Amino acid sequence: MLTASRTLFLRHGYAGTTMEDVAAEAGLTKRTLYSNYGDKDTLFRQMVDDTVAYAASFARELHDEFASGLTHATLAARLDALGVRLALGILRPEVVALRRMLIGASRDFPRSVASISGRAPDRCCARSPTGSARSRSGDFLRARDPQRAAAQFAYLVAGEHLDFALMTGELPAREVVEATAREGVATFLARYAPPG
């Protein structure tokens, strides 16, 4: 049911998807669908919650990889790898489609969309690693405000292409995403890496 709803919501948006469409896509009767989800709003919220939970899991995985064995010598390479993975994770067709759909649904679900925005993959993923780099001895990064530094990190590695993709639905080639992410990491390190 959730897979079918995700497919249809992303393809047709919230307004363009009916419970009947979801039941047909899932190969179920409408009665079965309605017995599990009383209305389209409930189904929509559950689909979004599941998607965000997956993003949070992705963020934890990135955080664990980044923090494990972090040293001054490995900081730049770890941030470079994090930036590329984060950008590639954000700039995927299904992620861009979900964000575009949420923007379209923001009038009907303002609280849900605001809540989801704070749990978006770029915010989750960037906040944890840069925060851990700051907290471990306090000298991996010179960031007085780790949250602001994390937001800057996310926008430096993916923001330019994400903004364009949200407006047009078009994504750049993988090699362009990777090159932009690496340039963003270099800019981030120029600002926040400790001297020497």
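In which hand does helix 4 pass helix 5? Before I answer, please keep in mind that this is a predicted model, in which local features need pLDDT of at least 70, side-chain atom pairs count only at pLDDT 80 or more, and totals for chains, interfaces and linings use all residues. Residues are numbered from 1 along each chain as its sequence is written, and side-chain values use heavy atoms, with hydrogens and water left out.

Helix 4 passes helix 5 in a right-handed crossing, where right-handed means that the near helix is turned clockwise from the far one by less than a right angle; helices here are DSSP runs of H or I with at least four residues, numbered from the N terminus. Their axes, lines fitted to C-alpha atoms over the stretch in contact, with angles running from 0 to 180 degrees between N-to-C directions, come within 10 Å and cross at roughly 165°. Helix 4 and helix 5 are therefore roughly antiparallel, a term for angles over 145 degrees.

On the helix 4 side, F58, E61, L62, E65, F66 and A67 meet L75, R78, L79, L82, R85 and G89 of helix 5, with contact meaning heavy atoms within 4.5 Å.

Let me turn to the core. The largest nonpolar core has 30 residues, and L75, L79, F153, V157 and F188 have the most contacts inside it; such a core is a set of buried Ala, Val, Leu, Ile, Met, Phe, Trp, Tyr and Cys residues joined through side-chain atoms within 4.5 Å, and buried means under 20% relative accessible area with a 1.4 Å probe, protein chains only. Helix 4 (40–67), helix 5 (72–90), helix 9 (146–168) and helix 10 (174–192) each give two or more residues to this core, while a second, separate core of 20 residues includes A4, L8, Y14 and Y37.

Notes. Buried < 20%, exposed > 50% of the residue type's maximum accessible area, 1.4 Å probe, protein only. Parallel < 35°, antiparallel > 145°, perpendicular 65-115°, else oblique.
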